[in-house]
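Good morning, and thank you for joining.

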Amino acid sequence: MQKVPTFSKGGVHPDDKKVFSRSQSIERLPMPGELLVALSQHLGAPAKALKAKGDTVIRGEKIGEAAGFISADVHSPVSGTIKEIRKVTLANSVVCDAYVIIPDEVQPELSGNAEDWRSLSSSDLLARIKDLGIVGMGGATFPAHVKFSIPKDKKVEAFVVNGVECEPYLTADYRIMLEKGEEALEGAMIGAKVIGAERIIVGVELNKPDAIEHLRNLIAQKGYPIEVMGLKMKYPQGDEKQLLKATINREIPSGKLPLDVGAVVANIGTCNAIYEAVVLGKSLYERVISVTGECIANPKNVLAPVGTKVSDLLAFCGGFKSEPEKLVSGGPMMGFSFFDVETPITKGSSGLLALEPQKKVRQTACLNCGRCVAACPIGLMPAKLYRYITHGEYEMAMQTSLMDCKECGCCSFVCPAHLPLVHTMKTGKKLGRKKK
Amino acid sequence: MNKPALTVSSSPHLHAKADTASIMWSVSLALAPASLWGIYVFGLRSLLVLGVSILSAMLVEYLLGNLGKESTLWDGSAFLTGLLVGMNMSPSVPLFIPFLASAFAIFVAKWTFGGLGANWANPALAGRVFVFFSFTTPMSTYVRPRTLAAAMPDALASATPLGFAKTAIAGGTLGMDSNALLSSAGYPATGLAQSISQATGFSAYTIDSFLGNVAGCIGEVSALALLIGGLYLLARKIITWHIPATYLLSVAVLTWVFGGLPSGRGAFTGSFFPSMFSGGLMLGALFMATDYVTSPISHKGQIVYGVGCGFFTFLFRYFGSMPEAVSVSILLMNVLTPTIDRYIVPRKFGDTRELRKKQKEAKV
């Protein structure tokens, strides 16, 4: 029997908990009464506001302009009036300006005239991806046009599409593969043309066998040169480092990018967004988000405009079945817990989780058991870093590769002493940088 | 909508089931078969010894914990240390000895260095070694196992097979392996072992020490019972194979290659299997050397540590003048653990030999 590919170093196996929302088809959210469209919806500098209080905006219109090399445009998700511009705190604790937009009663339909992208040059395609505000939709929200701008001296051998969705609970990418698979695959073809990739691989974990089969059927029908790879379940396979190890067996060294090993990784949701941008001319102003967790009355996969407030999503899903302990934006392993139901979603919001109270366990001293070391997919020694940071030895922690930690949560997940390892790493990075 | 009281904390928001207390109590549970066997073969006095060890360990832990602010008895580590101390006692030992051993283990070895997680030596072993070198005679006077009681000559009643063979070789009886030595001295074997021996070809003494029909400490005699507990811990992923496998194998291989030298039989004549089942090796390899706090943190380091334990155990057993090979070897490797952890670190993702070479060249 052939071995099922996965990454080799570290990793953990949390329960996948996708059962709540996996069989729910994507539903469009009825238009909320008010939207909070943040100007910082991507990694990098916040966009510059192009509109003022009282202005009217049209759905899909550019309302924020990329400010800096790593930044992205922001578009209005609705036609309506700008009530005001005010500060908001996003789920990831970023504080930025946001438009408060009151949508019109009637919203325009998308013109939707499909265009043949094959006649466009790759620089034209890239310009579209940039102009329509496409960012990575797996959660990191890295501007897509920056990732897809390949320097002349680099060559892309493989374009790896991330359909892993290794975070428990989340099912948004899964539903996209099932319901918008054709669009997403075409988006992958567009992406591959932009970067000039020789090989296209879609990585999907084996807990989604129907998605794998569906994509393979579509590929056979269309005759695309795309390979779908079933991967053995292991968290954090959806991280680009682990995904490249699993799919093309290459390791990205510390501080390097996928491009340095001849690959580009993009989320399956991003591919769908690329399709919609390039073929339909639709800017990135709405996304699929899984509203799920033990405490949600009717878990759903919702197609919601960017800027929708969490309270509107919760109301659409029947509110809480029981009192949650935490609300989390994103997945449970790397997502951010937040406290305000008026928080808006952004381009990177893959999930909204209402989690039930966890069993309270007392923290003890580190036992040196080594589970964190065995679980770390990067080969760090979290227990050692923890000791350095809690003793104020930031310099030592930085020298011991603290900056290579990507906060995937494996160490905290397995720690029997229940030490806040990831929390400490985050703190240590901030303080370590400050010291320098 | 009513606003729930929400907790805000760093990711991850999920956690694996294991916690410190569940691990400690699971290890204690894994020691149950060996303890019960000890109580069965050596009589109820063993239970008394185990009880005194456990209670004194917990008492000292409780007192010291309350000097701070809260009792730490709930985490199960004091119970486990007490149990391990008791299992390392001869069944006939005067009761003040297990008390002293447990008190030393908890007070000196554990708490003076900062309590759970901060000790450099395995507390139970430190306690045992402390009383062994303080009260050597009662600590090395053993009793006959119930299963051999009638057949055992008085002269052999208070020696372990390993100790007996060592004394005989030191006394100049050369040319025989340990089985032959035991046989010539009239060391008995159980009927069960004899019939298994006929069926399998293994020596009856080997089988008896595997099953636990020999003199020794309460918890160390039955390799079988200890293996059952060890397999349980492996299945629960509380320990990994790295330390026990490398420890046992290195002792067995070194014994096979060099173990015949002291008795003048030459290389490659040592007894492979008996070396693994005798003395405190099985208890040490599965439950003492695998103590999290005092063993290396990475799998690579654990392999080095396991082989180191095996090497010293072999050395002390065959070329040392004292018993206590296993305890002293593990303590010695405990001392080396921080050094191992410092120099043997996991390979970082993406780090290759060529890359390091390039970096070195770039520096030059």
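**Local features of chains A and B**

Let me start with helix α10 of chain B, residues 191–200, which is hardly covered: among its ten residues, the count of buried residues is one. A residue is called buried if 20 or more other C-beta atoms lie within 10 Å of its own, exposed if 12 or fewer, and partly exposed in between, with C-beta atoms placed from the backbone. Helices are DSSP runs of H or I with at least four residues, strands are runs of E with at least two, and both are numbered from the N terminus. Just after α10(B), B:G201 has a positive phi of about 90°.

A word on the source. This is a predicted model, in which local features need pLDDT of at least 70 and side-chain atom pairs count only at pLDDT 80 or more, while totals for chains, interfaces and linings use all residues. Residues are numbered from 1 along each chain as its sequence is written, and chains are lettered from A and ligands numbered from 1 in the order in which they are written.

I turn now to a helix pair in chain B. Helix α6, residues 123–134, packs against helix α17, residues 325–343, at an angle of about 130°, and their axes are 10 Å apart. Axes are lines fitted to C-alpha atoms, for helices over the stretch in contact, and angles run from 0 to 180 degrees between N-to-C directions. α6(B) and α17(B) are therefore oblique to each other; angles under 35 degrees count as roughly parallel, over 145 as roughly antiparallel, 65 to 115 as roughly perpendicular, and the rest as oblique. Which residues meet here? From α6(B) they are B:L125, B:A126, B:R128 and B:V129, and from α17(B) they are B:S327, B:V328, B:I330 and B:L331. Contact requires C-beta atoms, placed from the backbone, within 7 Å.

Next, the backbone. Most residues other than glycine have a negative phi, and most peptide bonds are trans. In chain A, A:N249 has a positive phi near 55°; this residue sits in the loop between α6 and β12 (263–267) and is exposed, with 11 other C-beta atoms within 10 Å. A:H418 also has a positive phi, of about 55°, and lies in the loop between α12 (410–414) and α13 (421–435) of chain A.

Finally, a cis peptide bond joins A:Y235 and A:P236, with omega about 0°. Another cis peptide bond joins B:S11 and B:P12, with omega about -5°, and B:P12 is in the segment before α1 (20–30) of chain B.

Definitions and conventions: Contact = placed C-beta atoms within 7 Å.
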